[in-house]
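Q: I have a structure open here and have not looked at it before. Can we go through it piece by piece?

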Amino acid sequence: MGRAVWRGPYVSVSLLEQVVEFAKRNQEWWNIGRFQGSKSPESINTFCRSSTILPDFLGLKFGVHNGKEFINVEVQEAMVGHKLGEFSQTKYRPEVVKKEKKVGGKKINPKTGKAG
């Protein structure tokens, strides 16, 4: 079951405070630059993976913590309404490295199947 509509989207208070501070520091970019497609001058690091992305966050870069490091996420229109944690994976699939077969110290050619 989802969150009740009358409550509104969940956004951490500390995250909102950081966004407001960012807007005050970079007023020119906040008012004009983000709507012209220019990149955010800095990223906001956060541990709040459960916070919902609001329309006011468009163009911002967030460093979302995945348990080990901060993953940079740039907010776009399609992300509004989703959670920040959806865009930084916490689990990675390990890459499988195939080992070469050896027969008596000689490598087997995978195309021919013969040692040599």
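Q: In what order do the elements of the protein chain run from the N terminus on?
A: This is a predicted model. From the N terminus, the order in the protein chain is α-α-β-β-β-β-β. That gives two helices and five strands.

Q: And is the chain compact or spread out?
A: The protein chain is more spread out than a compact globule, because its radius of gyration is 23 Å, well over the 13 Å that the globule rule gives for 116 residues. Along the principal axes, the C-alpha atoms fill a box of roughly 70 × 40 × 25 Å.

Q: How much of the protein chain counts as buried?
A: Of its 116 residues, 29% do. The accessible surface of the protein chain is about 9,100 Å², and carbon and sulfur atoms hold 53% of that.

Q: What share of the contacts comes from residues 24 or more positions apart?
A: Counting contacts with a separation of 6 or more, 44% are between residues 24 or more positions apart.

Q: OK, on to helix H1. What span should it have, and how far apart are its ends?
A: Helix H1 covers residues 13-25, which is 13 residues. At 1.5 Å a residue the helix should span 18 Å, and its end C-alpha atoms are 19 Å apart, so the two agree.

Q: Which residues of H1 are buried?
A: Leu 15, Val 19, Phe 22 and Ala 23. Seen down the axis of H1, the buried residues fall within an arc of 100°, so they line one face of the helix.

Q: What sits on the face of H1 turned away from the buried side?
A: That face carries the exposed residues Val 13 and Lys 24.

Q: And what covers the buried residues of H1?
A: The cover includes helix H2 (27-31), strand E1 (43-46) and strand E2 (61-65).

Q: I clicked on Gln 18. Where is that found?
A: Gln 18 is in helix H1. Its relative accessible area is 32%, so Gln 18 is partly exposed.

Q: What does Gln 18 touch, leaving out residues up to four places away in sequence?
A: Gln 18 touches Ile 44, Asn 45 and Thr 46. Gln 18 and Ile 44 are 26 residues apart along the chain, and their C-alpha atoms are separated by 7.3 Å.

Q: Let's move to E1. Which residues are on its covered face and which on the uncovered one?
A: Ile 44 and Thr 46 are on the covered face of E1, while Ser 43 and Asn 45 are on the uncovered one. In a regular strand the side chains alternate between the two faces of the sheet.

Q: In what sense do E1 and E2 pair, parallel or antiparallel?
A: E1 and E2 pair in the parallel sense, over four bridges. Ser 43 stands opposite Lys 61 in E2, and the bridge partner of Thr 46 is Val 64.

Q: Why is E2 largely enclosed by the rest of the structure?
A: Because four of the five residues of E2 are buried.

Q: How many bridges join E2 to strand E3?
A: Five bridges join them, and the two strands run antiparallel. Strand E3 is residues 70-74. Gly 63 has Asn 72 in E3 as its bridge partner, and His 65 stands opposite Phe 70.

Q: What about the hairpin of E2 and E3, how many residues are between the strands?
A: There are four residues between them. In this hairpin, Gly 67 takes a positive phi near 105°.

Q: Which residues make up the covered and uncovered faces of E3?
A: Ile 71 and Val 73 make up the covered face of E3. Phe 70, Asn 72 and Glu 74 are on the uncovered one.

Q: Is Pro 55 buried or exposed?
A: Pro 55 is exposed, with a relative accessible area of 52%. The C-alpha atoms of Pro 55 and Glu 17 are separated by 16 Å, with the two residues 38 apart along the chain.

Note on methods. Residues are numbered from 1 along each chain as its sequence is written. This is a predicted model: local features need pLDDT of at least 70, side-chain atom pairs count only at pLDDT 80 or more; totals for chains, interfaces and linings use all residues. Side-chain values use heavy atoms; hydrogens and water are left out. The expected span of a helix is 1.5 Å times one less than its number of residues. Buried means under 20% relative accessible area, exposed over 50%, partly exposed in between (1.4 Å probe, protein chains only). The arc is that of the directions from the helix axis to the C-beta atoms. Contact means heavy atoms within 4.5 Å. Two strands pair if DSSP finds at least two bridges between them. The radius of gyration is taken over C-alpha atoms; the globule rule is 2.2 Å times the number of residues to the power 0.38. Accessible areas come from the Shrake-Rupley method with a 1.4 Å probe; for residues, only the protein chains shown count as cover.
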